[in-house]
Amino acid sequence: MRQKAVSLFLCYLLLFTCSGKKKRSESSEDSGSGFWKALTYMAVGGGLAVAGLPMLGFTGAGIAANSMAASLMSWSAIANGGGVPAGGLVATLQSLGAGGSSVIMGKIGALLGYATHKYVDSKEAEDEE
């Protein structure tokens with residue numbers, strides 16, 4: 001149910017980008033660029049989120065040796081008296097990395113990509129004024 005809600009929300013964001021009011025005048029050639037810019041940011045954000053956990057060392061087979069994940073696990077164990085706490089940052093990231101929940105991570109990354117797009121777009125509009 002939660003995945004459907006996130007999917008619907010992302011679709012709403014894309015449609016909002018397409019049909020939103022434009023603050024500045026644009027030529028007819030550039031009329032659909034807001035949609036494509038948002039889609040590009042969302043694709044890059046989703047891709048980075050999906051690829052990011054394995055690159056850090058949170059893999060399906062466990063935490064990779066000599067990786068950033070191993071360092072985080074070591075720091076967490078030292079800070080908590082020798083054990084990694086359940087529900088902590090390291091445990092949650094490993095659960096996401098091992099659970100194959102790349103769909104959820106992709107959606108979160110796409111949402112962050114969209115937020116970045118809106119921020120960059122607002123800064124461009126601010127600079128033009």
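This is a predicted model: local features need pLDDT of at least 70, side-chain atom pairs count only at pLDDT 80 or more; totals for chains, interfaces and linings use all residues.

Biologist: Which residues make up the largest nonpolar core?

Modeller: The general idea comes first. In soluble globular proteins, nonpolar side chains tend to be buried together. In the present case, the largest nonpolar core has 6 residues: Leu53, Phe58, Ala69, Val90, Leu93 and Met105. Val90 and Leu93 are also buried residues of helix 4.

Biologist: Which residues does Met105 touch, leaving aside those up to four places away in sequence?

Modeller: A contact here means heavy atoms within 4.5 Å. With those neighbours in sequence set aside, Met105 touches Ala49, Val50, Leu53 and Leu96.

Biologist: What does the UniProt annotation "transmembrane region" cover?

Modeller: According to the unreviewed UniProt entry, that annotation covers residues 44-65. In the model, the chain over residues 44-65 is 59% helix and 18% strand, and the end C-alpha atoms lie 27 Å apart.

Biologist: How many helices and strands does the protein chain have, and what percentage of its residues is buried?

Modeller: The protein chain has 5 helices and 2 strands, and its elements run α-α-β-β-α-α-α from the N terminus on. Of its 129 residues, 24% are buried. Among contacts between residues at least 6 apart in sequence, 65% join residues at least 24 apart.

Methods. Residues are numbered from 1 along each chain as its sequence is written. Side-chain values use heavy atoms; hydrogens and water are left out. UniProt positions are given in the numbering used here, feature names are shortened, and annotations may be inferred rather than shown by experiment. Helices (H or I, at least four residues) and strands (E, at least two) are DSSP runs, numbered from the N terminus. Buried means under 20% relative accessible area, exposed over 50%, partly exposed in between (1.4 Å probe, protein chains only). A nonpolar core is a set of buried Ala, Val, Leu, Ile, Met, Phe, Trp, Tyr and Cys residues joined through side-chain atoms within 4.5 Å.
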